[in-house]
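Hi everyone, thanks for making the time.

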Amino acid sequence: MKMTAKRTLAVLLAVIMLFSCIGISGSATEKTGFETLRVNCTMYGDSQTQRGFTWFTEKKCDTTIQIVPASEYVVSGFANAMTVKGTVSEWKDYYCHKVVVTGLEPGTDYRYRVGTYDRDIWSNLGEFVTDDGDGSFSFLAIADVQASNLENFYRASLVMDEAMKMDEDAEFVINLGDFVNDCTNDKWNWYGEAFQEANTSMTLVPVAGNHEGNITNKLNVGWFDAMFNLLPGDGAGNGVNGTYYSYDYGNTHFTVLNSNDMYPMTEAQRNWIYNDITNSDAQWKVLLLHRAVYSAGKNINKPDTLAMRETVIEIVDETGVDLVLSGHDHMYFRTKQVAGDAVCEDTVYVTERHNGEDITFAVNPEGAIYALPSTAGTKRYGVNDGAINPIMDCADVYFTTRSEKDENEVETNPNAGGCFANIEVDGNYLVYKAYVVNDDTQEVTLVDEYAIKKTVKDDAVEGTNKPTDIFGSLDGSVANFFTEIFGLIFTYIGKLLPQALIGLFK
Ligand SMILES: [Fe+2]
């Protein structure tokens, strides 16, 4: 083993031991079973006044949160805190605690702790900020941590640490799905331990991945719903395969889809999306979903993705979405402005001074940008040159973030590392940046940047008032299981096979 590799391993083990020691309050003493695990604070409806909280314990106890503005916390701690009780239910040999806190003040820094009031056992100090509604804010996005062991969860959390250092003012983080590789208690505990700092430093916006809510993926059903406290959209069903929801933040509307429910998408979700987005008059519209519909990774030609492409692209085009963020394919990909599955060739760009930087903006562009910020984890895919048409025509920037070392262990891929995105919304300006974090040095490198200036709102899109109850009363997972199988077969035969045959005879 090379000296540098040995040193890296030693540093990593030291970091793991350090984090293990400070991870959970009370871990230095004998465990009681009432310690809080997997603590997170999630967006829950009104981002100015509400949040959802989830945590787990090994033994059953009461469910309590104490929460107080940061300005009061520095004076009197939790002495005058608001105390809110929640519910507890059993989930896979653990106890799942959930609380919704309402009545918060907009634009306020909060401190909180969760745990058992009766036994006076509490989590570490958590914090988050509520939306002040002024249309100027920033957020982070990561995808596909999808680890199988504690070391790789910690490696991904180091990427998240760098993201939080890069933008200390970020108000929430979007996790684009596949939190874990397999849904077991060990893996969710490792995720919760490694991401404790991130998940209790700001609000989390979780997106359902196929590894935590897909009936055909090792029956990992129900976990997403158990792990996060969210306010599902109309017709979202019982949450066994994930959920969909939305929220406003400042001048931006965020719609979170459930791509475990998309091949074909249930009528309930499709109609909810149309109603949700078209009923919003926000300046910016951002769509979040796990499976990318523009990517050059290994999954892009798979039948489930092909089945989704037309539906999702049509929704984005018809509802005036500006930015789509996805995961699933573990490589970096960003489109040009696209509409109708084609490049918007007439896009006009201007370079302006913005917050101390010269930034090139697309000005009032048609179409949307689709970005896939690779993975914050260590499982990284190469570029799939055979991505179905017209993916590559629509691509602006794409590359693998996989390590490619030569025989002397020297990294040859300048983009190797864990990836995150940082998005700033500032009134009429939206600036998207992506970074990679070097595995060995933790050096952070800007790898992509794209910006939009929108001085005129999109033409009002007619609200479609689609019904939300066509499949809403059915169990989505059962209906989806059969439609999925047949959908995959027909889509595969109908779309990919002709292209493969054409390729053969070229
Ligand atoms: Fe995935």
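Look at Gly320: this residue follows helix H8 and has a positive phi, near 80°. Before I go on, this is a predicted model, where local features need pLDDT of at least 70, side-chain atom pairs count only at pLDDT 80 or more, and totals for chains, interfaces and linings use all residues. Residues are numbered from 1 along each chain as its sequence is written.

Helices (H or I, at least four residues) and strands (E, at least two) are DSSP runs, numbered from the N terminus. H8 covers residues 303-319. Its 17 residues should span 24 Å, and the end C-alpha atoms are 25 Å apart, which agrees; the expected span is 1.5 Å times one less than the number of residues. H8 also bends by about 35° at Arg309, the bend being the angle between axes fitted to the seven residues ending there and the seven starting there.

Now, strand S15, residues 284-291: how many of its eight residues are buried? Eight of the eight, so S15 is largely enclosed by the rest of the structure. Buried means 20 or more other C-beta atoms within 10 Å of the residue's own, with C-beta atoms placed from the backbone.

S15 pairs in the parallel sense with S14, residues 252-256, over five bridges; to pair, two strands need at least two DSSP bridges between them. Four bridges join S15 to S16, residues 323-327, also running parallel.

How values were computed:
A residue is buried if 20 or more other C-beta atoms lie within 10 Å of its own, exposed if 12 or fewer, and partly exposed in between; C-beta atoms are placed from the backbone.
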